[in-house]
Structure formats: C-alpha cells, structure tokens
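Work through the exercises below with the sequence and the coordinates at hand. Each task is followed by a solution in steps.

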Amino acid sequence: MLRFIVRRTLWLFLVLFVVLLITFVLMHLVPGGPWDREKALAPKVVEALNKRYGLDKPLWEQFVNYIWGVLHGDLGVSYSYSDRTITSILAHGIPKTATLGILAFIFALIVGVPSGVAAALKQNSAIDYSSVLFATIFASVPGFVLGILLMMIFSVVLHWLPTTGWGTFQQLLMPVFCLAALPAAQFARITRASTLEVIRQDYVRTARSKGLPESTIRVRHIFRNSLIPVITVAGPELANLITGSFIIENLFAIPGVGRLFVQGIFARDYTLIMGGILFYAIVIAILNLLVDILYAAIDPRIRYE
Amino acid sequence: MAIVSKAQTVPVRPHHSLWGDAFIRLRRNYFAMGGLAFILILALMAIFAPLITPYTFAEQHLDQILESPSWQHPMGTDQLGRDTFARLLYGARTSLMVGIFTQFIVLCIGLPIGAISGYAGGRTDNYIMRFVDVMYAFPDILLIILLRSVLGGSIYMIFLAIGLVAWVNIARLVRGQIMSLKSRDFVSAAKTMGGTGNYITWRHLLPNSLGPVIVSVTFNIPRAIFTEAALSYIGIGVKPPTPSWGAMIQDGFNLIFSKPYMLLFPAIALALLMLAFTFLGDGLRDALDPRLRH
C-alpha cells in the first residue's frame, strides 16, 4: 500500500510537469501577447516590459525559470494585475472556489445518496419514479441554465435573493444549488443502481432468513455495500465541482479561481493561466489518488501491488 | 395430431438481429422516442429555417429594438433589433453541428487509438495509456478554452478544440471493450482460422464494442453542445454574428430585469435539447445492454 502511494505520488509530479509543459506551449502559440492594448504601446515600452518580466529570453529558458520558481513555491508575477504575485491572487480565489465546491459536494451527497437508496428500496413506487425523473432532469440541464432560471424566479420575479455577488449567505444559495444539481443527480442514479444490485445478493437473503431486523439488514448489509460505487464517482465529482465551477463563478460574479482564469485568458496573463491550470491539475490528481486509497480501505477485495 | 395443433397455436417469436432487437426495445421507451422526436423536429426546423421565418440571424431592424413578443416577432427582438426566433432557429444549427461534428472528430481519433491500445497491449498500450492519463489530469473545459484561444473563433475550430479534448473517453472505453473481447472464444476461433490482426479488429472486435460506443456518443453530444454554449456565454465561443444559444443567453443576461424573455427562450431551448439527448441516451443504453436494466 505504501509503495503504491509513493509510486503514484512520483507519477503525479511527472504528470503535473507535462501538464505545465503543454499549457506553456499552447499559451505561447496564442497570437498576441500580454501587452496588447486597445491603443498599442510604444515599441520601447514593450521592450522594457518584456525585459522586466523575462519575456525577452528564449522560450525554453522562460519555461525552465518558471518550473524552478514553481518548485520554490513561486508562481511568478501577474501581468494584468500589476505587481501582484500569482500566489497572492490564487490565495484570494481558492477559498471562494473551495467553499463553493465543498458546500455543493456535501449538499449533493446529502440529497443524492438518500434519494437513491429510497428509490431503490421502494422500486417502482411514486418515490422511485419522482426521484428518477428529478435525477434525469438535473443530470441533463446544465448548471448555468439552471442558475439563470433560478435567478429569474428568485431575483427577478420574487425579489428574494440577490442575483450576483459574494459574501452573504443569501448570495451562496443559488450558486451552491446550481453546482450541486448535477452531482446530486448522479449520486442518486448510481446509488439507486447499486442498491438494487445489492438487494438481490445472496448474503442479503441469508440475513433476512436468519431473522435479522430489517433496519440492521439495511444499515449493515445493504447500505454499506451499495456505497462502494458512489465513492468511485465521488472523487471525480468533487474535482469536477471545483474545476467546473468557473462558469457558475462567472454567472454569479464570484471572484474565484475560475473567474480569474477566464480573465487571465482574455488578458494573455501567462503566469495567471499557468497558475490556474496548476491549481486545477493538483486538485484533480490529489482527489483521484485519495479515491484509490479510500477504495482499497473500504473494499477488502482490492489490493494494490 | 393434438400436439401438432397445440404447437401451431404457440406464437413463434420472430428472429431479430441484435440491432433489430435493440430497436424494438427502444421503440417501446416513450421518453427515448420523445427525445428523438424533439431532436429530429429541431434539426428539421434548423435546416429549413429560411422557410419558417422571414428574418435572418444577422438582419438588424434598428427601429424595432428590444420589442416584446408579438405576431411579427414571436419571441421579440434583441438589442440590435434582430428577431429572437430567427436567431434561435439558426442557433440550433450551431448547436447541433457542434454536437455532431465534435463526435465525428472524437470517433476519428478515439476509435483507432483505443483499438490499437487494446489490441496491441504491452508497451504500445502502456505508452498510450500514460498519455491518456496526462490528458485526464487536465481540467477538460480549461484545456478547451486554451485550445480555442490557439485555434481561433471559427465554428470549425470550436469543433476541433472540443474534439481534441473529448476523444480520451472513447479511447478508454474502446480499449476496455477490446481487451475483454480479445480473450473470447469467437476471437480465438477467428485467429485459429488464420485471421490477421487487422481483420480481427475490424471484423470482430470493433463491431462487437459498438453498442457502448453509441451510448457514449449519445451522452457526449449534449456535453459538447453545452461546452460550446458555455464558451459562447463567457464570450470565447463562436465569433459573432454566428448565432449561438450561449451568446444569446449572454445578451439576455445583461437585460435580465427589463427583458427577461430574451434570456428565457434560449435558456429553455438549451435545457430541452439537453433533456432530449439524455432521454435518448438512457433509452439507447437500456436497449443495447439489457443486462444493465433494473
């Protein structure tokens, strides 16, 4: 197990390096540079700026310098937010993105898993049909369309919630709901399918014939086993929530990492783009690693060697 | 004699091929057929848009700015005096084209790579899969945004940007399918009879892994459509004046309080199209793989 974790961690560093390399190459293929303005800057000024930010050096040297900086925890200086380091910009964005993602994740688990279990235990009942119907709707309607519809109802018609912004509890409600809708639906679908499968297993029948009370069977035999597939998707879902929130952040004007990244693309802010990608790639990689470890811990049939 | 007459009364189940059988199951699923009907009707309306509406998507009537829905403009006009209904119809062209052509690119890249990886195995497989792992480490939509900035804003480049990122899933799926099929008896039989690698892959392995691929493509189409709409909504999708539902949502969003229907029509259209594809995909999955049904 320890060997597995060490190997995966080393591999992770290699993957992050390649991700940064690809991003770097793509970024420099984009026509234009960070100093493009509506009114063109004087060539002398551009030259001076390039010199100051090291953009006059050959590309490979820029990349080596960047990686050297990253290894020392220095993500460089932003080109569009004058004189702010990327680390400090990300430090402002990450808490917002993380809060949104984690709240939405918890909300999705609390709503999705029980409704999936309830639907499976009462298969072909009204509970089942309505749960499946809602799961299908929320699994297919994109979050930002959902956000717009919610905004129209709760902000435009009812005037209950503010449309955009960050800071108060009311401002959190709609974005968290929009983010949580898709994973909640997926949790419900997967939980329902896996519970239905577990219910038909021999060991459940054995437990019943032993005369165990129904509640014990449900908690000890059904629920615990039906959760295994949920964990497989939970990691990628959390990663999706955190990386996918950029459109919700844009819709609700929340200054998280996603919004910063999009602004960075518009401004050709090379270091900001790299920093954003690095943050997301690390989140995805760590969550996938966690899922693998958790998976082995829960399901004794899985061994990594 | 009695036995014979009894046997005659028992209806003989007609023989169906795998696909024929799947089609019958699909036809019984009303949600899936509803989704399919919605998609087909939308596609027909998009194709014959010039016959349905007298306006074009770029035509500006500056004397009729931001009009509410009326007989003349069934969904009103936008801030440049363009007919919203016409833009919605022509926008459906963009959306459906994105859905179909990205999947075409995805299949062109993903199928062969997955097939080679699964069939060859060993070192080839290992290298390909390591590359796929790196692709997985990228946040999809951010990579698409980067590629879109490199390739530019023409609609074909949007297809390419989404396709270049989305092929990974199909490649993985096909690889898994082929690896599990490879050890089956009918493949060994074909090998014994002298079938070569290419023949076996194209004749036996790929056709048999087609079911899950079709289901996956059906689910990926709405994702591609959504991605384009999301990009256009942020302002880095297709270049105007090419109509896009995402761009229309962006236009309407700025006027959410004064002209809410400008936002409502494209948002609902997008939601319905997504729902239609999900119903169809669910139906196809149930029809093509009866074992998965509960």
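**Exercise 1.** Determine the handedness of the crossing of α4(A) and α12(A), then the angle and the contact residues.

*Solution.*
Step 1. The crossing of α4(A) and α12(A) is right-handed; a crossing is right-handed if the near helix is turned clockwise from the far one by less than a right angle, and left-handed if anticlockwise. Helices are DSSP runs of H or I with at least four residues, numbered from the N terminus.
Step 2. Helix α4 (residues 86–121) of chain A packs on α12(A) at about 50 degrees, the axes being 10 Å apart. Axes are lines fitted to C-alpha atoms over the stretch in contact, and angles run from 0 to 180 degrees between N-to-C directions.
Step 3. That angle makes α4(A) oblique to α12(A) (under 35 degrees is roughly parallel, over 145 roughly antiparallel, 65 to 115 roughly perpendicular, the rest oblique).
Step 4. From α4(A) come Ile86(A), Ile89(A), Leu90(A) and Ile94(A), and from α12(A) Thr271(A), Leu272(A), Gly275(A) and Phe279(A); contact requires C-beta atoms, placed from the backbone, within 7 Å.
Step 5. Six of these residues are nonpolar, two polar and none charged (nonpolar: Ala, Val, Leu, Ile, Met, Phe, Trp, Tyr, Cys, Pro; charged: Asp, Glu, Lys, Arg; polar: the others, Gly among them).

The model is predicted: local features need pLDDT of at least 70, side-chain atom pairs count only at pLDDT 80 or more, and totals for chains, interfaces and linings use all residues. Residues are numbered from 1 along each chain as its sequence is written, while chains are lettered from A and ligands numbered from 1 in the order in which they are written.

**Exercise 2.** How are α1(A) and α12(A) oriented to each other?

*Solution.*
Step 1. Their axes come within 10 Å and cross at roughly 155 degrees.
Step 2. α1(A) and α12(A) are therefore roughly antiparallel.
Step 3. The contact of α1(A) with α12(A) has 18 nonpolar residues, one polar and one charged.
Step 4. The crossing of α1(A) and α12(A) is right-handed.

**Exercise 3.** How many residues of chain A are in contact with chain B, and of which classes?

*Solution.*
Step 1. 36 residues of chain A contact 31 residues of chain B.
Step 2. On the chain A side, 29 are nonpolar, seven polar and none charged.

**Exercise 4.** Is Ala253(A) buried or partly exposed?

*Solution.*
Step 1. Ala253(A) lies in the loop between α10 and α11 of chain A.
Step 2. Ala253(A) has 13 C-beta neighbours inside 10 Å and so counts as partly exposed (20 or more is buried, 12 or fewer exposed, in between partly exposed).

Notes. Two residues are in contact if their C-beta atoms, placed from the backbone, lie within 7 Å. Helices (H or I, at least four residues) and strands (E, at least two) are DSSP runs, numbered from the N terminus.
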